[in-house]
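Thank you all for coming; I would like to take you through one complex this morning, slowly and with the definitions spelled out as we go. Please have the picture in view while I talk.

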Amino acid sequence: MSVLVAVPVLLPLGAAGLSMAFGRFADIQRWLGLLVLGVIVVDAAVLLHVADVHGPVVLHLGGWRAPVGIALVADRLAALLLLVSVIVMFSVLLYSIGQRITDYGRGTASTTFHPIYLVLCAGVSLAYLTGDLFNLFVAFEIMLASSYVLITRRTTANRVRAGMTYTIVSLSSSVLFLTLIGLVYAATGTVNLADLAERTDRLPPGPATALALLMVIVFGVKSAMVPLHFWLPDSYPNAPAPITAIFAALLTKVGIYAMIRTQILVFEREPSWPLMLVFALATMLVGALGALAQNDLNRLLSFLLVSHIGFMLFGLGVYDVAGLTGVILYIVHHITVQATLFLVSGLVTRYTGTVALSRMGGLAGISPLVAVLFAVPALSLAGVPPFSGFVAKLALLRSGIEVGTSWGYAVTAGAVLTSLLTLYAVARVWTRVFWGKRREPEGDPDHTDELVVGTGDTSRGMVYATGVLVGATVLVAVLAGPLSAVSERAAIDLLSGQAYRSAVLGGGSGG
Amino acid sequence: MTTVNLTMAVVLGGLYAAGFYLLLQRSLMRVLLGIVVLGHGANLLLQLAGGARAGRPPMLGESPLSEMSDPFPQAMALTAIVITFALTTFLLALAYRGWVLLGHDEVQDDVEDRRIRRLESRLAEESVEEAERELESEATR
């Protein structure tokens, strides 16, 4: 059974090599990618079921038991996020295959895209599953290295600039991460997360706080927490739609996951963490206000992404079962919704030939389907009932009120305000893009970059893929009951940490 | 907790300071060197995390347990060196590509900064409305 934990990491890495070898056979590459991701979806679903019923599934790599060896751990939280992430990766792959076929024909292979995409998948899976701080660093590097390549493919001058910012900021945070690992090892003598949990208790409060804060900074950069968010709206919009979608959906969320995992598992803390609440408030408001000032559709969505990272920090700041349940629900909701919005933005720009909101208009008349595909995730992002965002936001707001401190009330009020600002931002997009005078498409400004295609051609693959994701966001709302139940159980696990520790360090339930 | 001797602490501080100083420069080449120097600093720190004293090779039967150096930080440092090395090559390639496309290796200002500066200079001479219209078209790059 425990071998299932290795599948999401090893399978895509192996398949990436195979995909590279079949670089000239477009169809084989495409089917291979879809097949591998499909298998991982099934695998993640099984893992979630097993973890939920029997407790965390642990695999000790190479037969070396933790804390000496590296353990891969699939508990409820990791398995749930892995499942959602891989479903999104599958849909986005479908979209990009559709786009490739529409633009270049069925026969042309994009040699590098598929292998790198699979490596990205391996990195994301490893980040979710690893039970070791240094291995988490390796997972981040696998993920980021493939994202560097994806963001700078077909380099134009603008993309080099954006890619450079992205790469250097990520690398600096990686160096800080290495520093953190060195300090953690020097202080405690272990980098195994479960083992760390016991040893940090014995540290004097000074070094323990310093380590916790350094972790906040490292993962804050990766998850675009204000004031460490500046790189995100500058770099993400410069990549083609499917790539932006996958980055927006997964990379920041993996950062948040790492932040939650390390902070809660490793450090003892009383409920309500004022520092994180302050960061949450700043992130929500700066992101939402930034979004209002934008005229570029993709930049606007990127700022909204930053703003909604704040909601996840909010739940972490509340630091009790209700808050963490809210965060987990919110991450699940946000992964699907944000990916969908960027894919829809890709569809929109194909009709308009521009990303400038001021030069769009009347798209609802040209393509009602795209309008519907936009409306559902947009309303969901704003948290309008009955969509998925509402369920997650309600859980967060209630936990915020229950904190009962002035910071708790302030952040809750900030969250409500941010939701309204989000609604205003997406309503502005709606009126500018879908209503108003119908404008002629501007054609394809630049064939060489895939940023704005503007040919007006969309294939069924792209629309279906977006449709699948829209369906997934609706499904998150429909399944809100069972999802909240699982999230709550995951949150209880997370806070007690007992199941995780005993599964990794004790006998282990794998086998 | 492991302690570090003074020399190593000073060397580490120097490496980090130089690295971050270079990182804040305008020239891409210096930024890149900054990342390299920072990477060295981090790797040295990882090494020191195992203790400042040089020990004997960590092989069972060859040296007594008490004299062995800790193999764990060395394994981590080795992995980290490979990763930083690979990413440095990627950055070099990207910097070269940027140099070919742009003809210089200056890091440019943020898009938003440039917009605001342009708006400011226009506000000084023209009416507000016109400047705002400019800003809208500017935002589309």
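Predicted model: local features only at pLDDT ≥ 70, side-chain atom pairs only at ≥ 80, totals over all residues.

Let me start with helix α12 of chain A, residues 297–318: at 1.5 Å a residue its 22 residues should span 32 Å, and because its end C-alpha atoms are 33 Å apart, the two values agree. The expected span here is 1.5 Å times one less than the number of residues, and helices are DSSP runs of H or I of at least four residues, strands runs of E of at least two, both numbered from the N terminus.

Residues are numbered from 1 along each chain as its sequence is written, and chains are lettered from A and ligands numbered from 1 in the order in which they are written.

Is α12(A) buried or exposed? Of its 22 residues, 22 are buried, so α12(A) is largely enclosed by the rest of the structure; buried means 20 or more other C-beta atoms within 10 Å of a residue's own, exposed means 12 or fewer, partly exposed lies in between, and the C-beta atoms are placed from the backbone. Directly after α12(A) comes A:Tyr319, with a positive phi near 60°.

Turning to chain B, we find five helices and zero strands, and buried residues are 20% of its 141 residues. Its mean pLDDT, the predictor's confidence in each residue from 0 to 100, is 83, with 86% of the residues scoring at least 70. Within chain B, confidence is highest in α1 (residues 6–23), at 94, and lowest in α5 (residues 128–138), at a mean of 62.

An unreviewed UniProt entry annotates residues 6–24, 31–52 and 72–96 of chain B as "transmembrane region", although such annotations may be inferred rather than shown by experiment, and their positions are given in the numbering used here, with feature names shortened. In the model, residues 6–24 of chain B are 95% helix and 0% strand, with end C-alpha atoms 27 Å apart, whereas residues 72–96 of chain B are 100% helix and 0% strand, with ends 37 Å apart.

Finally, how do the chains meet? The contact, counted where C-beta atoms placed from the backbone lie within 7 Å, takes 33 residues from chain A and 32 residues from chain B. On the chain B side, α3(B) gives the most, with 13 residues. For the complex, the predictor gives an ipTM of 0.87 and a pTM of 0.92.

Terms used: Contact = placed C-beta atoms within 7 Å.
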